[in-house]
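Keep the sequence and the structure side by side as you read.

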Amino acid sequence: MQKNFCESQTKVNLMRAFAGECQARQRYYQAALIAQEQNLVGLERMFRFTAEQEERHAKQFFELLKDCAGTQITITADYPADVYTDIQQLLDSAAADEDKEFREVYPQFGQIAADEGFADIQAKFNMIAKIEESHRKRFEYYAKLWRDGMLFRSDSTQERWICLNCGHIHTGSEPPQSCPVCGAQQGYFIREAEAAFTAGYIMV
């Protein structure tokens, strides 16, 4: 039997999730600004890309609260104070936060929603949890590259690097210190395989 939504724990969990996603969006936006200050444009755009997805998650959770519109919902939760300027710390903490949402928070919220008779909300929690797993993998990938000194280095001399400013492609174990086409600094280069809209034709 479905519980009255406005008296449910699911209502509270949705507000907690909404608050968490809003904070994640802002944390990643702040991280993007730090990466920008350090001329790490590829990382800046990765943080912004992820921040925009967190914003969309927040919208989904917020819209599910429409049946309690006009009410006040009190929540208590722990949220991370990842106030760092070090790129490694930003990447590692972001990966850890995403992992917690994927493994603990959203599965628990989903189970509570199921127990209270809200199968559609359980499905939403479970789907967004899977997206958070992809975020965790994304942050772990870049954290390892940074830790290993491989963000701008490859073991392959055939690695293809793309300039995010003008689209120039450079082949080699490292991107140039500055783009020969537009003069953008090395921080604008990422592996072509990491760039949006390239996977479909990269091997053609």
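Start in helix H4 (residues 119-147), where Glu140 and Arg136 sit four residues apart, about one turn of the helix. Helices here are DSSP runs of H or I with at least four residues, strands are E runs of at least two, and both are numbered from the N terminus. The side chains of Glu140 and Arg136 form a salt bridge, 3.2 Å from N to O; the term stands for a side-chain nitrogen of Lys or Arg within 4 Å of a carboxyl oxygen of Asp or Glu. Arg136 is buried at 10% relative accessible area, while Glu140 is partly exposed at 39% (buried is under 20%, exposed over 50%, partly exposed in between, with a 1.4 Å probe and protein chains only).

A word on the basis: this is a predicted model, in which local features need pLDDT of at least 70 and side-chain atom pairs count only at pLDDT 80 or more, whereas totals for chains, interfaces and linings use all residues. Residues are numbered from 1 along each chain as its sequence is written, and side-chain values use heavy atoms, leaving out hydrogens and water.

Next, look at Asp148 and Lys144, whose side chains meet in a salt bridge at 2.6 Å, N to O. Asp148 is partly exposed at 39% relative accessibility, and Lys144 is exposed at 52%. Elsewhere, salt bridges with shared partners link Asp99, Arg103, Glu133, Arg136, Lys137 and Glu140 into one network.

Now turn to helix H2 (residues 41-63), where Glu44 and Arg48 are four residues apart and so separated by about one helical turn. Their salt bridge has its closest N and O atoms 2.9 Å apart. Glu44 is buried at 8% relative accessible area, and Arg48 is partly exposed at 25%. In total, the count is 15 salt bridges.
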